[in-house]
Amino acid sequence: MPEQLTLYLHKLSPYSQKIELALVEANALYKAYQVDLGNKPEWFASMVNTVGKVPAVTYGGPDVDPEDPSPLSAKIAESNVILEFVADLYPDSGLLPKDPIQRANVRFFINATAKHVEEVFYAFLGLRGQAPYEKVLEGIEFIQGLLEEGRDFAVGDHYTIADACITPHLARIKIVIETDLGKYPVGMGYKLGEELRRPKFAKFMKYLERMLERPSLKQNHDEEFTITFLKTRFTERVQ
């Protein structure tokens, strides 16, 4: 029997979502517990993650109620750390290649995602500072340059944690370019979409479409729920 694994997450968190993607792709057995970030239970910080953030996992120890985690289980936090942990737990899943160069390429892609997609896209959206849409395009162009022609995945010929890491952000990029929801001036989300649909970004957009069609994403991504949240978050817009 495999050790128990419980994932503490939030439905709207892209960082939680990438862990679920990896677990589903690995055919892992796990429990998922939704943490109410607006009213976090006291036991979560004291017994699971001292900084009170999701995602976090408990691994091993007795199979107990997620609301009463065992002190005998290992507690692991930070999404990219958890991604590698899942890949190590399931080495036959291909989530991390066995070749050391390919493994390094996966880690480089994950780092590039954080720097060139996460930072600028969420700043453009208005969730973390501000950034013009041109910066988003520059970041996407950098990522596109890492994608190899004729390959379906970020690195090599198999789905890896590099794909899991970027896919939740791709899902949110799709929402923004289709709905124009964000703190930026009205119309800039649509304008970003117009730019991304140009031939210049064809390789990136084809990759985005492939990742959004994965059954693992369809299993844990509620697009309408995310859109509803963004509508409530961005009630005041710059004209």
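Are Trp43 and Phe44 buried or exposed? Trp43 is buried, and Phe44 is buried as well, where buried means under 20% relative accessible area, exposed over 50% and partly exposed in between (1.4 Å probe, protein chains only).

## Basis of the model

This is a predicted model, in which local features need pLDDT of at least 70 and side-chain atom pairs count only at pLDDT 80 or more, while totals for chains, interfaces and linings use all residues. Residues are numbered from 1 along each chain as its sequence is written, and side-chain values use heavy atoms, with hydrogens and water left out.

## The sheet

Four strands form an open sheet in the order 2-1-3-4, with mixed pairing; strands are DSSP runs (E, at least two residues), numbered from the N terminus, and two of them pair if DSSP finds at least two bridges between them. Strand 2 (31-34) and strand 4 (74-77) stand at the edges with a single partner strand each, so one side of each is left without a neighbour in the sheet.

Strand 3 (residues 56-59) runs antiparallel to strand 4 and is joined to it by four bridges, and Val57 stands opposite Ile76 in strand 4.

## Aromatic rings

Rings of Phe, Tyr and Trp (its six-membered ring) pair if their centres lie within 6.5 Å, and planes under 30 degrees apart count as stacked, over 60 as edge-to-face and the rest as tilted. By this rule there are nine aromatic pairs. The ring centres of Trp43 and Phe44 are 6.3 Å apart and their planes lie at 80°, so this pair is edge-to-face. Together with Tyr8 and Tyr33, Trp43 and Phe44 form one aromatic cluster.
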